[in-house]
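Here are a few exercises to work through with the model open beside you. Try each task before reading its solution.

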Amino acid sequence: MTAVAALGARPIRSARADIRGTADGGAVVETDDYMLEFDGAAGSLIVQLAGRLDGGDTVQDLAAAAACDPSLIAEVIKTLQVHGAVFDLAAVDNRSGGELRAALRQECAFWAKEIQAHSFWRTLLSGAANPETVFGWGIEQFHYVEAANEYMAAAAANCRLDHGVRMRIGKRFAEEAEHGDIFLRGLERCGFAHEAVVDAPPLPATNALKDYLFELACSDTIATEATFNLMQSSSEPLTKEGLARFYGELTRVYPFAGPMFQAFHDHALIDVEAGHERTIFDDLCDAPGLVTSVVGRRAVDAVRGLAEHFILFFDNIETYYGARDAIVPRRAVDMDAFTR
Ligand SMILES: [Fe+2]
(Lines give C-alpha, C1' and ligand atoms only; values in the text may rest on other atoms or scores of the structure.)
Protein backbone atom coordinates (compact mmCIF):
# COMPACT_ATOMS: atom_id res chain seq x y z
CA MET A 1 0.00 0.00 0.00
CA THR A 2 1.27 3.48 -0.81
CA ALA A 3 1.80 5.68 2.24
CA VAL A 4 -0.59 8.63 2.33
CA ALA A 5 -0.91 11.75 4.45
CA ALA A 6 -3.93 12.10 6.77
CA LEU A 7 -6.84 14.17 5.44
CA GLY A 8 -6.33 16.54 8.37
CA ALA A 9 -2.62 17.08 7.59
CA ARG A 10 -1.72 20.75 7.04
CA PRO A 11 1.25 20.77 4.69
CA ILE A 12 3.67 23.70 4.65
CA ARG A 13 6.21 23.90 1.88
CA SER A 14 9.88 24.18 2.78
CA ALA A 15 11.64 27.33 1.57
CA ARG A 16 14.29 24.94 0.23
CA ALA A 17 11.86 23.32 -2.21
CA ASP A 18 11.52 24.88 -5.64
CA ILE A 19 8.36 23.75 -7.45
CA ARG A 20 7.91 24.35 -11.17
CA GLY A 21 5.82 23.03 -14.03
CA THR A 22 7.28 21.22 -17.02
CA ALA A 23 6.41 21.66 -20.71
CA ASP A 24 4.52 18.37 -20.81
CA GLY A 25 2.19 19.25 -17.92
CA GLY A 26 4.20 17.59 -15.14
CA ALA A 27 6.07 19.11 -12.21
CA VAL A 28 9.61 19.18 -10.85
CA VAL A 29 10.31 19.62 -7.13
CA GLU A 30 13.93 20.45 -6.43
CA THR A 31 16.02 21.11 -3.33
CA ASP A 32 19.79 21.15 -2.79
CA ASP A 33 19.62 17.39 -2.12
CA TYR A 34 17.35 15.92 -4.78
CA MET A 35 15.03 16.41 -7.75
CA LEU A 36 11.60 14.76 -7.89
CA GLU A 37 9.66 14.51 -11.14
CA PHE A 38 5.90 14.08 -11.32
CA ASP A 39 3.89 13.58 -14.46
CA GLY A 40 0.19 13.27 -15.28
CA ALA A 41 -2.46 14.15 -12.69
CA ALA A 42 0.03 14.34 -9.79
CA GLY A 43 2.26 16.79 -11.68
CA SER A 44 -0.52 19.20 -12.59
CA LEU A 45 -1.94 19.01 -9.05
CA ILE A 46 1.39 19.99 -7.52
CA VAL A 47 1.71 23.02 -9.79
CA GLN A 48 -1.87 24.01 -9.06
CA LEU A 49 -1.49 23.74 -5.29
CA ALA A 50 2.12 24.97 -4.86
CA GLY A 51 0.98 28.43 -3.74
CA ARG A 52 -1.38 27.04 -1.11
CA LEU A 53 1.09 24.85 0.77
CA ASP A 54 1.46 27.36 3.62
CA GLY A 55 0.14 25.26 6.49
CA GLY A 56 -3.25 26.97 6.38
CA ASP A 57 -5.11 24.29 4.40
CA THR A 58 -5.68 20.67 5.25
CA VAL A 59 -5.38 17.92 2.65
CA GLN A 60 -9.19 17.89 2.66
CA ASP A 61 -9.29 21.66 1.93
CA LEU A 62 -6.75 21.27 -0.87
CA ALA A 63 -8.81 18.49 -2.44
CA ALA A 64 -11.92 20.68 -2.34
CA ALA A 65 -9.99 23.58 -3.92
CA ALA A 66 -8.64 21.39 -6.69
CA ALA A 67 -11.94 19.47 -7.07
CA CYS A 68 -10.18 16.14 -6.98
CA ASP A 69 -10.08 12.93 -5.00
CA PRO A 70 -8.52 13.60 -1.54
CA SER A 71 -6.65 10.31 -1.67
CA LEU A 72 -4.64 11.51 -4.69
CA ILE A 73 -3.61 14.69 -2.82
CA ALA A 74 -2.82 12.64 0.28
CA GLU A 75 -0.51 10.41 -1.73
CA VAL A 76 1.31 13.33 -3.41
CA ILE A 77 1.70 15.20 -0.10
CA LYS A 78 3.13 12.11 1.58
CA THR A 79 5.76 11.76 -1.16
CA LEU A 80 6.75 15.42 -0.74
CA GLN A 81 6.76 14.98 3.04
CA VAL A 82 9.02 11.92 2.95
CA HIS A 83 11.56 13.99 0.99
CA GLY A 84 11.30 17.00 3.32
CA ALA A 85 9.77 19.27 0.66
CA VAL A 86 6.71 19.78 2.87
CA PHE A 87 6.08 19.39 6.58
CA ASP A 88 2.77 18.60 8.32
CA LEU A 89 1.96 21.36 10.81
CA ALA A 90 -0.98 19.32 12.17
CA ALA A 91 1.37 16.59 13.47
CA VAL A 92 1.66 18.38 16.84
CA ASP A 93 -2.10 19.00 17.24
CA ASN A 94 -3.90 17.53 20.27
CA ARG A 95 -0.77 15.90 21.63
CA SER A 96 0.47 15.88 25.19
CA GLY A 97 3.39 14.58 27.23
CA GLY A 98 5.87 12.29 25.48
CA GLU A 99 3.87 12.29 22.23
CA LEU A 100 4.09 16.07 22.04
CA ARG A 101 7.82 15.95 22.80
CA ALA A 102 8.43 13.60 19.87
CA ALA A 103 6.22 15.58 17.46
CA LEU A 104 7.72 18.92 18.52
CA ARG A 105 11.26 17.55 18.04
CA GLN A 106 10.35 16.83 14.42
CA GLU A 107 8.89 20.28 13.97
CA CYS A 108 11.97 21.94 15.52
CA ALA A 109 14.18 20.01 13.10
CA PHE A 110 12.05 21.36 10.23
CA TRP A 111 12.35 24.98 11.44
CA ALA A 112 16.09 24.61 12.06
CA LYS A 113 16.50 23.65 8.41
CA GLU A 114 14.27 26.52 7.28
CA ILE A 115 16.39 29.00 9.25
CA GLN A 116 19.57 27.50 7.83
CA ALA A 117 18.12 27.77 4.31
CA HIS A 118 18.05 31.58 4.62
CA SER A 119 19.86 33.36 1.81
CA PHE A 120 22.11 35.01 4.44
CA TRP A 121 23.76 31.61 5.04
CA ARG A 122 23.99 30.83 1.35
CA THR A 123 25.78 34.12 0.66
CA LEU A 124 28.03 33.77 3.72
CA LEU A 125 29.08 30.21 2.92
CA SER A 126 29.72 31.05 -0.74
CA GLY A 127 32.38 33.58 0.32
CA ALA A 128 30.46 36.45 -1.34
CA ALA A 129 29.42 38.32 1.81
CA ASN A 130 30.93 41.80 2.24
CA PRO A 131 33.04 42.51 5.36
CA GLU A 132 30.21 44.65 6.77
CA THR A 133 27.86 41.66 6.69
CA VAL A 134 30.43 39.33 8.26
CA PHE A 135 31.16 41.71 11.15
CA GLY A 136 27.56 42.92 11.36
CA TRP A 137 26.46 39.32 11.87
CA GLY A 138 29.08 38.98 14.63
CA ILE A 139 27.82 42.11 16.39
CA GLU A 140 24.13 41.13 16.16
CA GLN A 141 25.05 37.63 17.36
CA PHE A 142 26.85 39.22 20.32
CA HIS A 143 23.68 41.16 21.21
CA TYR A 144 21.60 38.00 20.98
CA VAL A 145 23.96 35.90 23.12
CA GLU A 146 24.34 38.74 25.62
CA ALA A 147 20.53 38.90 25.93
CA ALA A 148 20.66 35.57 27.79
CA ASN A 149 21.57 37.72 30.82
CA GLU A 150 18.06 39.15 30.64
CA TYR A 151 15.74 36.46 29.31
CA MET A 152 17.36 33.47 31.03
CA ALA A 153 17.41 35.37 34.32
CA ALA A 154 13.74 36.29 33.79
CA ALA A 155 12.92 32.63 33.10
CA ALA A 156 14.39 31.64 36.47
CA ALA A 157 12.78 34.54 38.34
CA ASN A 158 9.35 33.89 36.84
CA CYS A 159 9.38 30.09 36.96
CA ARG A 160 5.89 28.93 37.94
CA LEU A 161 6.87 25.30 38.45
CA ASP A 162 8.54 23.61 41.41
CA HIS A 163 11.82 24.45 43.12
CA GLY A 164 13.79 21.75 41.28
CA VAL A 165 12.82 23.11 37.87
CA ARG A 166 13.59 26.67 38.91
CA MET A 167 17.06 25.57 40.06
CA ARG A 168 17.73 23.91 36.69
CA ILE A 169 16.62 27.04 34.84
CA GLY A 170 18.89 29.10 37.11
CA LYS A 171 21.82 26.74 36.52
CA ARG A 172 21.42 27.11 32.75
CA PHE A 173 21.45 30.90 33.16
CA ALA A 174 24.64 30.69 35.23
CA GLU A 175 26.29 28.59 32.51
CA GLU A 176 25.33 31.01 29.72
CA ALA A 177 25.83 34.28 31.61
CA GLU A 178 29.38 35.01 30.45
CA HIS A 179 29.07 33.81 26.88
CA GLY A 180 28.53 37.26 25.35
CA ASP A 181 32.05 38.18 26.48
CA ILE A 182 33.54 35.46 24.29
CA PHE A 183 32.02 37.13 21.21
CA LEU A 184 33.08 40.54 22.41
CA ARG A 185 36.73 39.47 22.80
CA GLY A 186 36.70 37.98 19.29
CA LEU A 187 35.40 41.27 17.85
CA GLU A 188 37.98 43.22 19.84
CA ARG A 189 40.76 41.10 18.34
CA CYS A 190 39.41 42.13 14.91
CA GLY A 191 40.00 45.78 15.85
CA PHE A 192 36.59 46.86 17.20
CA ALA A 193 36.61 48.90 20.41
CA HIS A 194 34.78 47.24 23.30
CA GLU A 195 32.38 50.19 23.83
CA ALA A 196 31.69 50.60 20.13
CA VAL A 197 30.29 47.05 19.99
CA VAL A 198 28.46 47.13 23.33
CA ASP A 199 26.88 50.53 22.59
CA ALA A 200 25.98 49.78 18.95
CA PRO A 201 22.17 49.76 18.78
CA PRO A 202 21.00 46.27 17.81
CA LEU A 203 19.03 46.04 14.57
CA PRO A 204 15.23 46.16 15.02
CA ALA A 205 14.85 42.42 14.37
CA THR A 206 17.57 41.64 16.93
CA ASN A 207 15.69 43.71 19.50
CA ALA A 208 12.44 41.97 18.51
CA LEU A 209 14.09 38.58 19.07
CA LYS A 210 15.41 39.63 22.49
CA ASP A 211 12.05 41.12 23.50
CA TYR A 212 10.17 38.04 22.33
CA LEU A 213 12.28 35.74 24.50
CA PHE A 214 12.06 38.11 27.46
CA GLU A 215 8.27 38.48 27.29
CA LEU A 216 7.81 34.75 27.03
CA ALA A 217 10.17 34.13 29.96
CA CYS A 218 8.09 36.49 32.11
CA SER A 219 4.77 34.94 31.23
CA ASP A 220 4.90 31.24 30.33
CA THR A 221 7.45 28.85 31.82
CA ILE A 222 6.58 25.75 29.78
CA ALA A 223 6.34 27.63 26.46
CA THR A 224 9.70 29.27 27.23
CA GLU A 225 11.28 25.89 27.87
CA ALA A 226 9.86 24.58 24.58
CA THR A 227 11.73 27.30 22.68
CA PHE A 228 15.02 25.81 23.90
CA ASN A 229 14.16 22.72 21.87
CA LEU A 230 14.41 24.90 18.76
CA MET A 231 17.55 26.68 19.99
CA GLN A 232 19.22 23.30 20.62
CA SER A 233 18.02 21.89 17.32
CA SER A 234 20.36 21.85 14.36
CA SER A 235 19.84 20.20 11.03
CA GLU A 236 22.94 18.06 11.59
CA PRO A 237 24.28 16.72 14.89
CA LEU A 238 27.01 19.07 16.12
CA THR A 239 30.40 17.45 16.55
CA LYS A 240 33.84 18.87 17.31
CA GLU A 241 35.03 17.84 13.85
CA GLY A 242 31.99 19.41 12.15
CA LEU A 243 32.50 22.70 14.00
CA ALA A 244 36.23 22.78 13.16
CA ARG A 245 35.41 22.25 9.48
CA PHE A 246 32.70 24.91 9.46
CA TYR A 247 34.72 27.67 11.16
CA GLY A 248 37.91 26.63 9.36
CA GLU A 249 36.13 27.19 6.05
CA LEU A 250 34.73 30.59 7.12
CA THR A 251 38.23 31.64 8.24
CA ARG A 252 39.65 30.54 4.90
CA VAL A 253 37.17 32.67 2.90
CA TYR A 254 37.11 35.65 5.30
CA PRO A 255 40.65 35.67 6.81
CA PHE A 256 40.19 39.24 8.11
CA ALA A 257 37.52 37.91 10.54
CA GLY A 258 39.61 34.96 11.77
CA PRO A 259 39.71 36.03 15.45
CA MET A 260 35.92 36.50 15.46
CA PHE A 261 35.36 33.02 14.01
CA GLN A 262 37.77 31.61 16.57
CA ALA A 263 35.53 33.10 19.28
CA PHE A 264 32.39 31.65 17.61
CA HIS A 265 34.15 28.31 17.48
CA ASP A 266 35.25 28.45 21.14
CA HIS A 267 31.68 29.25 22.16
CA ALA A 268 30.15 26.46 20.07
CA LEU A 269 32.55 23.96 21.67
CA ILE A 270 31.49 25.03 25.15
CA ASP A 271 27.84 24.47 24.25
CA VAL A 272 28.57 21.07 22.66
CA GLU A 273 30.45 19.96 25.76
CA ALA A 274 27.63 21.17 28.00
CA GLY A 275 25.50 18.48 26.33
CA HIS A 276 22.21 20.35 26.24
CA GLU A 277 20.55 17.92 23.83
CA ARG A 278 18.04 16.76 26.44
CA THR A 279 16.21 19.91 27.46
CA ILE A 280 14.24 20.88 30.55
CA PHE A 281 11.14 20.82 28.33
CA ASP A 282 11.85 17.20 27.38
CA ASP A 283 11.80 16.27 31.07
CA LEU A 284 8.67 18.34 31.78
CA CYS A 285 6.85 16.24 29.17
CA ASP A 286 7.35 13.20 31.45
CA ALA A 287 5.65 14.83 34.45
CA PRO A 288 2.14 13.29 34.69
CA GLY A 289 -0.61 15.70 33.66
CA LEU A 290 1.70 18.72 33.25
CA VAL A 291 2.12 19.20 29.50
CA THR A 292 -1.51 18.75 28.46
CA SER A 293 -2.65 19.32 24.88
CA VAL A 294 -3.73 22.88 25.82
CA VAL A 295 -0.30 23.67 27.29
CA GLY A 296 1.26 21.88 24.31
CA ARG A 297 -0.53 24.30 21.97
CA ARG A 298 1.17 27.24 23.71
CA ALA A 299 4.52 25.46 23.44
CA VAL A 300 4.04 24.92 19.70
CA ASP A 301 3.01 28.55 19.14
CA ALA A 302 6.06 29.74 21.08
CA VAL A 303 8.40 27.65 18.94
CA ARG A 304 6.81 28.90 15.71
CA GLY A 305 7.07 32.48 16.90
CA LEU A 306 10.74 32.01 17.69
CA ALA A 307 11.41 30.44 14.29
CA GLU A 308 9.85 33.49 12.66
CA HIS A 309 11.96 35.85 14.80
CA PHE A 310 15.15 33.99 13.83
CA ILE A 311 14.27 34.26 10.14
CA LEU A 312 13.60 37.99 10.52
CA PHE A 313 16.90 38.34 12.43
CA PHE A 314 18.81 37.06 9.39
CA ASP A 315 16.62 39.07 6.97
CA ASN A 316 17.53 42.24 8.82
CA ILE A 317 21.26 41.45 8.95
CA GLU A 318 21.27 40.71 5.24
CA THR A 319 19.41 43.86 4.18
CA TYR A 320 21.08 46.30 6.57
CA TYR A 321 24.72 45.19 6.49
CA GLY A 322 24.51 44.07 2.86
CA ALA A 323 23.63 47.65 1.79
CA ARG A 324 26.38 49.78 0.27
CA ASP A 325 26.31 52.46 2.96
CA ALA A 326 26.19 50.22 6.06
CA ILE A 327 28.02 51.55 9.12
CA VAL A 328 29.71 48.90 11.27
CA PRO A 329 29.38 48.98 14.22
CA ARG A 330 26.15 50.97 14.15
CA ARG A 331 26.69 54.27 15.92
CA ALA A 332 25.11 54.88 19.30
CA VAL A 333 23.19 58.11 19.78
CA ASP A 334 25.54 60.65 21.35
CA MET A 335 23.38 63.12 23.30
CA ASP A 336 26.33 65.41 23.94
CA ALA A 337 26.76 65.95 20.23
CA PHE A 338 23.37 67.75 20.16
CA THR A 339 24.12 70.09 23.02
CA ARG A 340 27.65 71.20 22.22
FE1 LIG B 1 26.27 29.80 25.00
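A salt bridge here is a side-chain nitrogen of Lys or Arg within 4 Å of a carboxyl oxygen of Asp or Glu. Keep in mind that this is a predicted model, where local features need pLDDT of at least 70, side-chain atom pairs count only at pLDDT 80 or more, and totals for chains, interfaces and linings use all residues. Residues are numbered from 1 along each chain as its sequence is written, and side-chain values use heavy atoms, with hydrogens and water left out.

**Exercise 1. Work out how domain 1 and domain 2 meet.**

Step 1: get the bounds. Domain 1 covers 11-90 and domain 2 covers 93-337, as set by an automatic or database domain assignment. Their C-alpha centres sit 32 Å apart.

Step 2: look at the contacts (heavy atoms within 4.5 Å). On the domain 1 side 9 residues take part, touching 10 residues of domain 2.

Step 3: check the charges. Across this interface the rule finds 1 salt bridge.

**Exercise 2. Find the protein donors of the iron ion.**

Step 1: pick out N, O and S atoms within 2.8 Å of the metal (3.2 Å for Na, K and Ca); water isn't among the atoms, so sites may look incomplete.

Step 2: read the spacing, which comes out as E-x2-H-x87-H. Histidine 179 belongs to helix α9 (residues 179-189) and histidine 267 to helix α14 (residues 258-274), so the pair links distant parts of the chain, 88 residues apart. Helices (H or I, at least four residues) and strands (E, at least two) are DSSP runs, numbered from the N terminus.

**Exercise 3. Which residue does arginine 20 meet in a salt bridge?**

Step 1: start from the total, 20 salt bridges by this rule.

Step 2: follow the side chain of arginine 20 to glutamate 30, at 2.8 Å from N to O. Arginine 20 is in strand β2 (residues 18-21), while glutamate 30 is in strand β3 (residues 27-30), 10 residues along.

**Exercise 4. Where is the cis peptide bond?**

Step 1: The bond from valine 328 to proline 329 is cis, with omega near -10 degrees.

Step 2: Proline 329 falls in the loop between α16 (293-321) and α17 (336-339).
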